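Below are some numbered notes on the model, for checking against the coordinates.

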Amino acid sequence: MKSEGFQVLVVGTGRCGTGFLSHSLERSGFTCGHEAIFNHWDEEKVRQRYIASTLSAEASWAAAPFLGADWLDPAVKVIHLTRSPLDVITDNDRFTWLRS
């Protein structure tokens, strides 16, 4: 299990504000990563990054599938960000690589 330093995990969907909240947590004194730990679907790789991390917080849209993992400290506070799906679609329209 992770050391006592990890305190906050921010989850949500893509384009919901995890990057913004990561920067806000940094300015509030947390050492917060944005998709630094939870950026891969391979649970073993994510677990190893989590255990080795010195961060006190992480914000990642990819963290939600790991919330029930036995290696994730149950004392970690989870912040769940939501955003209107229509706003996400509008925002994603800016990225040409998402268009078919």
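1. G33 stands opposite E58 of β3. Three bridges connect β2 (32-34) with β3, and the two strands run parallel. Strands here are DSSP runs of E with at least two residues, helices are runs of H or I with at least four residues, and both are numbered from the N terminus. Two strands count as paired if DSSP finds at least two bridges between them.

2. On provenance: this is a predicted model, in which local features need pLDDT of at least 70 and side-chain atom pairs count only at pLDDT 80 or more, while totals for chains, interfaces and linings use all residues. Residues are numbered from 1 along each chain as its sequence is written, and side-chain values use heavy atoms, with hydrogens and water left out.

3. Confidence: pLDDT is the predictor's confidence in each residue, from 0 to 100. The mean for the protein is 87, and 89% of the residues reach 70 or more. Helix α3 (residues 85-92) has the lowest confidence, with a mean of 76, and β3 the highest, at 97. Where pLDDT is low, the predicted coordinates should not be read in detail.

4. Overall layout: the protein has three helices and four strands, arranged β-α-β-α-β-β-α from the N terminus. The four strands make an open sheet in the order β2-β3-β1-β4, with parallel pairing. β2 and β4 are the edge strands, each pairing on one side only. From one strand to the next, the twist averages 15°.

5. Strand β1 (8-11): β1 pairs with β3 in the parallel sense over three bridges, and the bridge partner of L9 in β3 is E58. With β4, β1 forms four bridges, also running parallel; V8 there stands opposite K77.

6. Which residues of helix α1 are buried? In α1 (residues 18-27) they are T18, G19, L21, S22 and L25. These residues lie on the same side of α1 because they cover an arc of only 165° around the axis, the arc being that of the directions from the helix axis to the C-beta atoms. F20, H23 and R27, on the other side of α1, are exposed.

7. The cover over the buried residues of α1 includes β1, β2, β3 (57-59) and β4 (77-80). Axes are lines fitted to C-alpha atoms, for helices over the stretch in contact, and angles run from 0 to 180 degrees between N-to-C directions. Contact means heavy atoms within 4.5 Å.

8. Backbone points to check: G29, which follows α1, has a positive phi near 110°. E35 also has a positive phi, near 60°, and is not a glycine. Most residues other than glycine have a negative phi. E35 sits in the loop between β2 and α2 (43-52) and is partly exposed, with a relative accessible area of 26%.

9. Totals: of the 100 residues, 37% count as buried. Among contacts with a separation of 6 or more, 69% come from residues 24 or more positions apart. The protein exposes about 6300 Å², of which carbon and sulfur atoms supply 55%; the areas come from the Shrake-Rupley method with a 1.4 Å probe.

Methods
Buried means under 20% relative accessible area, exposed over 50%, partly exposed in between (1.4 Å probe, protein chains only).
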